Amino acid sequence: MRRSLVLTGAAVTVLGLLAGCSAGGSGSDSGKTVLKVAALEGGYGRDMYTQVIEAYEASHPDIDVELQISKSIEDEITPNMKAGRYPDVVVLGQGRKAALTETLIKDKALEDLTPVLKERVPGEDTTVGDKLTEGIVGNLNTNPYGTDQTYLMPMYYAPTGLFYNQGLFKEKGWKVPGTWDEMFALGDTAKKQGIPLFTYPTAGYLDSYFFALLADVGGEQFYTDVMTYKKDVWKTANARKALDITTRLLGYAAPATVGYANEQDFTKNQQLVLDDKALFMPNGTWIVGEMAQAPRADGFQWGLTPLPAVTTGGKRYITTSVESVWVPSAAQQKDAAKEFIAYLYSDEAAKIFAKSNAIQPVEGIASSLSAENAEFYKVYEDPSVAALVGGFASTAPVEGVDIKATLFDTANSIISGDTTEDKWQSALHEASEKLRQAGG
């Protein structure tokens, strides 16, 4: 399962996180500085981290990097953080169910990493900022308070969109839909052959879908208005149009979707596409590695397409998933942490990550991709498609309000018939207004 974009829900209390400064010694028995790194083991695996750390320690003999990696890293590090024992570096994006990163953002408990952008990459003659792809820093994902300060460094980036089996489309003679009218027409055609049009791993994967759709419907300004809780934004015609399209799409969802849409069974929904039992699902390029060993239909070949255009010839956006690395403000080894983060953007480290298909937003890295991955990243070369990076603006915590859950998770209830589009729109309006009043 991926890493950065999924469900949310506040799982860490403010008092627990601010229990005190980091505890523990500053060095090991050998006299070396001990740098504690915690990372989520996502679809890219864990081997790349151990290899990067080995390379870093070889060139930094005074540093001993201790790696803690897990598929549920929040559950492992949160108790220690509540007790004041913080990791120095954390590789963990936003959008996870535990919402640890979001909680620290709201509590203003992250270290300002703006200076890292001007820091020289260890072993190289260039700065981190100069190596990064233009536009990857300075959005709400990296600068969550809408200021010039960067608190989360972009670690990996990947195009997200609708993934499908190119082999099935070739076999059936179907064209990938370019508009929503074409999409729903295909849904009717496929339904007659017993193939549902749509599924999703978990409802949280609708983040990449919704962000792109909002921009498709109303442009970047409307998208920004939604992300920053503009007054009455969910009462607008554009908002209703986005919900109309989505509600109609969910009517074509595979019957198994809701039952499997959880962190234990999500791969079963992904398997529906591999088995030609669903045509499209929202996902990211990590899906290739994550399902590499899964069985598949004869002639299966991964394909990626942006969401259909709202109007013929209309501009289309593709959400770029960005995983983050950050430093808790209560970390003990902040200087060593910042130097280590700078190293993560070195040519040496980037090559190691790329072997696991973890592609960093470093200029020129895409040219080293495998043929399959390179095909995915070509979406950025389409002049009719624009990249979209970011997410909801951070606000002070509001009890009982989780707008991401309201926007994404409600899809399960729409499919099951437990709620209506009108109630969905009302709930989004209510949540957005409360966040606006809290400082959105």
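Start with everything selected: a compact globule of 440 residues would have a radius of gyration near 22 Å, and the protein has 22 Å, which agrees. That radius is taken over C-alpha atoms, and the globule rule is 2.2 Å times the number of residues to the power 0.38. This is a predicted model, in which local features need pLDDT of at least 70, side-chain atom pairs count only at pLDDT 80 or more, and totals for chains, interfaces and linings use all residues. Residues are numbered from 1 along each chain as its sequence is written, and side-chain values use heavy atoms, with hydrogens and water left out.

Show the C-alpha trace: along its principal axes it spans about 70 × 50 × 35 Å. Colour by accessibility next; 57% of the 440 residues are buried (under 20% relative accessible area, 1.4 Å probe, protein chains only).

Switch to cartoon for 17 helices and eight strands (DSSP runs: H or I of at least four residues, E of at least two, numbered from the N terminus).

Now select residues 47-59, helix α2, and residues 347-355, helix α14; their axes come within 9 Å and cross at roughly 160°. Axes are lines fitted to C-alpha atoms over the stretch in contact, with angles from 0 to 180 degrees between N-to-C directions. α2 and α14 are therefore roughly antiparallel (over 145 degrees).

Which residues meet here? Display Met48, Tyr49, Gln51, Val52 and Ala55 in α2, which meet Glu348, Ala349, Ile352 and Phe353 in α14 (heavy atoms within 4.5 Å).

How values were computed:
Parallel < 35°, antiparallel > 145°, perpendicular 65-115°, else oblique. Buried < 20%, exposed > 50% of the residue type's maximum accessible area, 1.4 Å probe, protein only.
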